[in-house]
Amino acid sequence: MAMFETVCEGLIAQRVERNDLVVALGGGVVGDLAGFAASAVRRGLDFVQVPTTLLAQVDSSVGGKTGINSRHGKNLIGAFHQPVLVIADTALLDSLPPRVFRAGYAEVAKFGLLGDAAFFSWLEANWQDVFSGAPAREHAIAVCCRGKAGIVARDERETGERALLNLGHTFGHAFEAAAGYSDRLMHGEAVALGMALAFEFSARKGLAAAAEAERVSRHLAAVGLPAHVRDIAGTVPDADHLMDLIAQDKKVKRGKLTFILVRGIGSAFVAPDVDPAEVRVFLAEKLNER
Ligand SMILES: NC(=O)c1ccc[n+]([C@@H]2O[C@H](COP(=O)([O-])OP(=O)(O)OC[C@H]3O[C@@H](n4cnc5c(N)ncnc54)[C@H](O)[C@@H]3O)[C@@H](O)[C@H]2O)c1
Ligand SMILES: [Zn+2]
């Protein structure tokens, strides 16, 4: 919030005008913040996304969701504000610390897991080339951008299909908030854990085969992402605290939670009627495995 004020005041001090252009050069945090400032200053300035992290190139720079975190939860203050242009220079990724690249890879895997089983299989075979920067990296980024742009074009305001992009994010945001949005747990790492849990929870409910959930955890672990609660460093909150965080993140509607669940790899769906008590029991068990 303080940084949002600084950026807005900075733009105004520069005497920015309605026909000026804001350029968001950086990772997802800069893109979300600059985009939100652009949406608000003078009631809306055009802006360009120049994403410099893998996560931002495959996900956050596309689709026009901008915003900042509230003390009460992730992304609670924001706006839909489409960039007029996105320029993803994949050579910028060469300077990323390995951990940051890996965290971004979680959102790459997400595109396979939510709707493109063939892409996930391709990633299982080619992830090392994606990491090392071969043409495989550009291919993966293009697949994700095309996939996301298609979803957003069909459902910009998230009344349906776009919600699938939140696969792993309900569990993930709770762990991310619990870690205080600190470098203890990066967004992508939290999403990796969240996706593994979403698959396990779906398997538990008999919606997906247990072998599919294991395949997901195995791939995430192979690339070095957290796939189990025990992979998270430091203290982890108890199930009640996690449920409070989940309730803040996802509005509880008539006592039910909306989750993105799966019937298998590549087939995520919106489940609007998940019983919080069932989630709580599941989380308590997972925390016990620590
Ligand atoms: N708006 C959306 O639709 C959307 C989608 C997914 C994620 N997000 C948000 O994106 C954020 C995460 O973004 P992120 O993973 O890019 O994190 P980030 O923006 O914090 O960047 C990670 C780190 O990499 C550094 N960095 C950036 N580019 C670099 C480069 N080229 N070389 C070296 N270092 C570089 C940054 O300074 C930072 O320390 C989260 O807050 C998440 O909520 C938004
Ligand atoms: Zn995300």
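Predicted model: local features only at pLDDT ≥ 70, side-chain atom pairs only at ≥ 80, totals over all residues.
## Basis

Local features need pLDDT of at least 70 and side-chain atom pairs pLDDT 80 or more, while totals for chains, interfaces and linings use all residues. Residues are numbered from 1 along each chain as its sequence is written, and side-chain values use heavy atoms, without hydrogens and water.

## Nonpolar cores

The largest nonpolar core has 44 residues; such a core is a set of buried Ala, Val, Leu, Ile, Met, Phe, Trp, Tyr and Cys residues joined through side-chain atoms within 4.5 Å, buried being under 20% relative accessible area with a 1.4 Å probe, protein chains only. Tyr105, Val108, Leu167 and Leu220 touch the most other members. At least two residues of this core come from each of α3 (54–60), α4 (98–115), α5 (117–132), α6 (135–154), α8 (187–204), α9 (210–223) and β6 (257–262) (DSSP runs numbered from the N terminus: helices H or I, at least four residues; strands E, at least two). α4 gives the largest share, eight residues.

Beyond its neighbours within four places in sequence, Leu167 is in contact (heavy atoms within 4.5 Å) with residues including Lys110, Leu113, Val191, Phe199 and Ile260. Another core, of 27 residues, lies apart and has Leu193, Ala239, Leu242 and Leu245 among its members.

## Packing of α5 and α6

The axes of α5 and α6 are 8 Å apart, at an angle of about 130°; axes are lines fitted to C-alpha atoms over the stretch in contact, and angles run from 0 to 180 degrees between N-to-C directions.

Key:
Chains lettered and ligands numbered in written order. Buried < 20%, exposed > 50% of the residue type's maximum accessible area, 1.4 Å probe, protein only.
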